[in-house]
Amino acid sequence: MQQTSRMLTPREALDIILAHVQRLPTETVMLMQAVGRVLAEPVIAPEDHPPFPAATMDGYAVIHDDTSPWREVIGEQYAGHVTDVVVTPGTAVRITTGAPLPAGANAVVPVEDVEVVDDHIVIRRDEVRPGENVRPVGVDIRCGDLVIPAGTVLGPAEIGLLASLGFARVTVSRRPRVSVLSTGDELVEPDAPLGPGQIRDSNRFMLVAAAERAGAEVIWAGRGPDDVERLTELLRERIAESDVVITSGGVSVGERDLISAALRTLGTVHIERLFMKPGKPFHFVTAGSTLLFGLPGNPVSALVGFEIFVATALRAMTGQQPVEVEPVTVVLEHDVESGDRIEYQRAIVWCDSDGTLRARNTGPQSSARLLSAVGANAYLVVPPRATPYRAGERLQAILRGPVRGQRA
Ligand code: AMP
Ligand code: MG
């Protein structure tokens, strides 16, 4: 299936990419290693939570409708220290938060509401409600409840919940193994002196960071020359070891054949160009179960290509839900020129005091100007139109970071 003849919309491209994604195998990891991993199977509660009726306040365990004018304190029940004391009419048990309610009692009166006289207490109010300040068995979670769906990225709350339910390990998707290859004879290392016509290889560092943040394991990152034979050899090695291979550079008009030629000999080319800006030259190739993404050399184009397409493929490979980032509707703060392709402008979206999401772009949107992506929490999606978009018009934005309540 070669679909290289016309420029595909980002939507069409994503559909093609997602159709070629295969789910990665699962593995079991210790909870301490589980943050950021994608849950492979739903978590079903194996027991009730809390497992016993627990006090939610420090106070006295009593019988709510016991009419005795005062109660004898017959024992203490501390969290983790269970006694076999039984509360009967005319008695109370000192209890701390998290301790099991002693037999016979059905309420906890907080210390603030109690007067202690020697070894007796007097409750300083008329009524005690049954169940007051007690978490009944299973009130939070019932045995058999689905508590975390498969596809969830495990964060602190999920990991804490797993521990509370007795899981020391968790089954997650294996992380995608990713290789990153920068191409270009002009590229040097960040700490090398710049010779004539040389630039620093920023894409390799950026794409490794992007892949790691997307949950991938970057198994290799390097630089290759503008030489088809050498690139083909390098890529062949990378394909053998990787779930995903990402290249940057070698796809602009003058050089189209360089990376295309290498990729074509290695697999099936599904996408070559996109109806989007930045990032028109974009290669998507499959070789066996390995996905190859040939991103443009311009740093912003490479970043947008990664975040819109590669990151989505990585999420799909691990079964992460949701796979796609749904756009939000934003109100333009200023006029925006429209181009002849769908443009992904780097933008800042914030929430104003009315709750409206507003957007401004980050200035000049040249695909070489990586500064346009620094601090940007969104891509403003600008479809082609004969006339510019005006301040106050609505557009869609794809969030790439948290939205603040005030303009930054
Ligand atoms: P290319 O797609 O190889 O024609 O590259 C397009 C532009 O991006 C050129 O100006 C390249 O110098 C630049 N470029 C390519 N690769 C990188 C890289 N790894 N880091 C920074 N700039 C790059
Ligand atoms: Mg190049």
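Residues count as buried under 20% relative accessible area, as exposed over 50%, and as partly exposed in between. Keep that scale in mind as you go through these close-up views of a predicted model.

Figure 1. Take aspartate 227 as your guide: its place is in the loop between β16 (217–224) and α4 (228–241). Aspartate 227 has a relative accessibility of 33%, so it counts as partly exposed.

Figure 2. Trp70, Val117 and Val122 make a nonpolar surface patch of about 260 Å². Valine 117 belongs to strand β8, which covers residues 114–117. With a relative accessible area of 41%, valine 117 is partly exposed.

**Figure 3. Four domains, and a strand in one view.** The protein is divided into domain 1 (10–25 + 174–317), domain 2 (26–48 + 139–173), domain 3 (54–135) and domain 4 (328–399). Between the centres of domain 2 and domain 4, taken over C-alpha atoms, there are 38 Å. Threonine 26 sits in strand β1 (residues 26–30), and its relative accessibility of 47% makes it partly exposed. From threonine 26 to valine 38 is 12 residues in sequence and 9.6 Å in space, C-alpha to C-alpha.

**Figure 4. Two cis peptide bonds.** Histidine 49 and proline 50 are joined by a cis peptide bond with omega of about 0 degrees. You will find proline 50 in the loop between β2 (43–44) and β3 (54–55). Glutamine 321 and proline 322 are also joined by a cis peptide bond, here with omega of about -10 degrees. Proline 322 lies in the loop between α6 (299–317) and β22 (328–332).

Figure 5. Most residues other than glycine have a negative phi. Aspartate 118, although not a glycine, has a positive phi of about 50 degrees. Its place is in the loop between β8 and β9 (120–123), and aspartate 118 is exposed, with a relative accessible area of 73%. Asparagine 133 is not a glycine either, yet has a positive phi of about 55 degrees; look for asparagine 133 in the loop between β9 and β10 (134–135).

**Figure 6. Arginine 11 and its salt bridges.** Side chains of opposite charge can pair when their charged atoms come close. Arginine 11 forms a salt bridge with aspartate 15, and their closest N and O atoms are 2.7 Å apart. Because the two are four residues apart in helix α1 (residues 10–19), about one helical turn separates arginine 11 from aspartate 15. Arginine 11 is partly exposed at 40%, and aspartate 15 is partly exposed at 43%. Arginine 11 also meets glutamate 324 in a salt bridge (2.9 Å, N to O). This pair links distant parts of the chain, with arginine 11 in helix α1 and glutamate 324 in the loop between α6 and β22, 313 residues apart. Glutamate 324 is partly exposed, at 23% relative accessibility.

Figure 7. A search of the whole structure finds 21 salt bridges. One of them joins arginine 341 to aspartate 340, with the closest N and O atoms 3.9 Å apart. Arginine 341 is buried, with a relative accessible area of 17%, whereas aspartate 340 counts as exposed at 57%. Elsewhere, salt bridges that share partners connect Glu189, Asp201, Arg204 and Arg223 in one network.

How values were computed:
Residues are numbered from 1 along each chain as its sequence is written. Chains are lettered from A and ligands numbered from 1 in the order in which they are written. This is a predicted model: local features need pLDDT of at least 70, side-chain atom pairs count only at pLDDT 80 or more; totals for chains, interfaces and linings use all residues. Side-chain values use heavy atoms; hydrogens and water are left out. Buried means under 20% relative accessible area, exposed over 50%, partly exposed in between (1.4 Å probe, protein chains only). Patches are made of residues with over 30% relative accessible area and no salt bridge: like charges are joined within 9 Å, nonpolar side chains (Val, Leu, Ile, Met, Phe, Trp, Tyr) within 5 Å. Accessible areas come from the Shrake-Rupley method with a 1.4 Å probe; for residues, only the protein chains shown count as cover. A salt bridge is a side-chain nitrogen of Lys or Arg within 4 Å of a carboxyl oxygen of Asp or Glu. Domain bounds come from an automatic or database domain assignment.
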